[in-house]
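The notes run in the order in which I looked things up.

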Amino acid sequence: VSIRREDYMPFPWLVPQVAMDFALGLDETRVVTTLTVERNPAAEASKTIRLNGDEIVPVEVTVDGEGWSDWCMDGDDLLVTLPGAAHTIAVTTHIAPAANTKLMGLYASDGMLCTQCEAEGFRRIAFFPDRPDVLSTYRVRMSGDREAFPVLLCNGNLEAEGEDGEAHWAEWHDPWPKPSYLFALVAGQLVANSDSFTTMGGREVALNIWVRDGDLPRTGHAMESLKKSMKWDEEVFGREYDLDLFNIVAVSDFNMGAMENKGLNVFNTKYVLADEETATDGDFDGIEAVIAHEYFHNWSGNRVTCRDWFQLSLKEGFTVLRDQLFSQDMGSAPVKRIEDVRILRGVQFPEDSGPLAHPIRPDSYQEISNFYTSTIYNKGAEVIRMMRTMAGPERFRAGTDLYFERHDGEAATCEDFVRAMEDGAGLDLKQFRLWYAQAGTPKVTARLEHSGDTATLHLSQHVPATPGQPDKKPMPIPLKLALYDRDSRERGAEQLVVLDGEELTLGYPGFATRPVLSINRGFSAPIVVEREVSSDELVFLATHDDDPFARYEALQELVVRHLKAGASGTLSAEARQEGELAVADAMAAVLADSDLDDLMRGELLLLPSETYVAETMERADPAVIHAERQGLRASLARALETEFLALYERAAAVPFAMSAEAKGARKVKTQALAYLAAAFPDRAAEMAFAQYASADNMTDRQGALMVLTGLDVVERTNALIDFYNRYQGNALVIDKWFALQASSMHPHCLEHVRALADHRDFTLKNPNRVRSLYMAFAANPHAFHAADGEGYRMIADLILALDPINPQTASRFVPPLGRWRRIEPGRSALMKAQLERLAAADLSRDTAEQVSRSLG
Ligand code: ARG
Ligand code: ZN
């Protein structure tokens, strides 16, 4: 059954207050939930109240303190008939946290109890109108064994606690009205890294990061990130924290990254725990970004929440933009921008061009968990970023101020946000609203003509058809552009052009010779640009463009062009050599450019991913793309052997530090190694093993192991065994060990994955472990797309095994198979056959929806 956005109706009842009483136990927890309800004057009156449930039964129902029999079940929901306009309803339920493998609702992780309620997990704890537009204040009492659950946490403030024989109890009160999806409860043996933050208004906030005993030394970076986030949100968005307490708890079994529950964020350990010996530079950056993201939700999500789940991007797109801007300010802004675009192109573009394409504000869904997508999050962030680009940062801030002021305490819509931007930032967004309604990545064609002393730029746009949306209207596309004089290398002024029709022509006088066009600078719009540009001009931009993104882009385009020409099979040996030479020249310039910092150099050295190259083709042959890309890597290593060796030596001499300089050195060091490995495997293996053995940090050690894992050398096995023994017992590092093997360039990768599934440390019960093996594999084109279809079968087998345990995580493995229409016919048929095999099975709603959409 599809739920449709246009069917939205306000809930007939208000629930101003909720009181909950938990008797905690791992095997059984008893919950009494008392709701104060009154008729909602803004909705049509109803005699019954629908309280959603999921795998729970009502053990006892009372209304206004009296035993009540005027109720019935409708599927999973409890319908209670109420005589008057205001009542108190109390329902008792029993839940079994230890048996909850879906990790939604109340569940056990590592012996502790924790919750995940977004989007519809609260109904697995208590019968409740489990929708984001029902806001209540919560008072929660919990009691449990003092030894098993010494720490008892909930949203808001601790108001009372006490002892009761072997048991103890705590009473929490959250003064801020919230929807049920922001409820959280944690009970277990935890220790805290405690600190404090004084807000701009002078409120002293106690900060705690709760972890398992031995993990305390790895919480410092998360705490620093939290304090930086709190400061930054005050300075940049004027947002201040609003409770005296902010708790974060790290749990090892978690479906997603983290959750912004009011005053009690629950995190995947992956986004909390780090030190230099066990976490990479990338892990550190991920923690900083996710801590910020969840903290920023306190305003964009909690104080202003969503009316319904179709508005998910209202909080997620906006909060992703906020965390991106934060990370830009904390580190290298251009590098962060490039990384964000890489994620968008690597994950969201394929989503937008496939069977699962949906607008950032979808029109319908069957299972909302399937819509926590890169489109909602990352494209959603890009859409808001475009508004910021058009308004400029000051007017954008005026718009967000107005949004928060107008809608504080409300459940709002995307439309509310756009209107606040119009009124506060002074933008006309009438046509811009199409970005919320239309799916698909717009394609902009740019053609520059030159005659006499005038250059003429012809722009046109096309938004491709997507499922359910055959015809598209042109959208307003803000393009930052500039023209370079070829001879003087001088750049004309940067211009912001909004292409809002199908076509636009712009004239630029004063160019005696043909200028070079730099377009979509800073990636000002989330689109595909097709430009008529010579390789020469791309090399010019790749070496001279002063916009770091545009420079990166030119180099990527040069490489993509070369790889596509190679993959087409029509390239003469001579033309291939010429192409390789052009790329090698551009790369040589990158290696030699002393104005570049190493973090940026590392971005420029990165070859476009096989997935990205495939995405630029109608139908891709993954094996051919893989061979071309590896071939190019080897040829670059041969052409630039001395340069890569010199880079390696220079970077290896930089001592460990967390500075941008030292992080950059680590990044280019391992990249140099990866290049050299493609052409000189034996020598590279020796270097990599030395780097592995002498590493004083995880970035270097993992980087070296990554290179070794892709090679058929004896050092490979030795290093993998050493790594496992060294880090046995550290789940997050063992995850890396699985992931490295599943994402390796080794020709036997698929066999390795099959064997690893039988490893004693592998389990389907832990999402991080499942993802480290199988998501890494599904994202590794040469292995996943094995010509005989064994990769597809393996993923379908996984889905069938995982679906009954954890449907939310299982359904995430369907999209890789959903790419079948864009893959060459032989593999395509094998992929489709696996989808059909899945469709014939008895699947969860999550997985069934993804399979049926994927088959189309
Ligand atoms: N709101 C969370 C975040 O953006 C994501 C939680 C979604 N969880 C889920 N089970 N669907 O950080
Ligand atoms: Zn979020």
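Conventions. I worked with a predicted model, in which local features need pLDDT of at least 70, side-chain atom pairs count only at pLDDT 80 or more, and totals for chains, interfaces and linings use all residues. Residues are numbered from 1 along each chain as its sequence is written, while chains are lettered from A and ligands numbered from 1 in the order in which they are written.

Ligand. I looked up which residues surround ligand 1, counting a residue as near if its C-beta atom, placed from the backbone, lies within 6 Å of the molecule. There are 15 of them, and E118, N255, M256, S369 and Y372 are the closest. I sorted the shell into 5 nonpolar, 6 polar and 4 charged residues, where Ala, Val, Leu, Ile, Met, Phe, Trp, Tyr, Cys and Pro count as nonpolar, Asp, Glu, Lys and Arg as charged, and the others, Gly among them, as polar. At least two shell residues each come from strand 20 (258-259) and helix 2 (281-296); helices (H or I, at least four residues) and strands (E, at least two) are DSSP runs, numbered from the N terminus.

I then traced an open sheet of 8 strands with mixed pairing, in the order 6-5-9-3-2-12-15-14; two strands pair if DSSP finds at least two bridges between them. Strand 6 (66-67) and strand 14 (157-164) are at the edges with a single partner strand each, so one side of each has no neighbour in the sheet. Strand 12 (residues 136-145) runs antiparallel to strand 15 (residues 167-178) over 9 bridges, and I found W172 of strand 15 as the bridge partner of V140.

Helix 18. Is this helix buried or exposed? I found 12 of its 12 residues buried, meaning that 20 or more other C-beta atoms lie within 10 Å of a residue's own, with C-beta atoms placed from the backbone. The cover over helix 18 includes helix 2, helix 16 (660-679), helix 17 (681-694), helix 19 (714-727) and helix 20 (731-742), with contact meaning C-beta atoms, placed from the backbone, within 7 Å.

Conventions: Contact = placed C-beta atoms within 7 Å.
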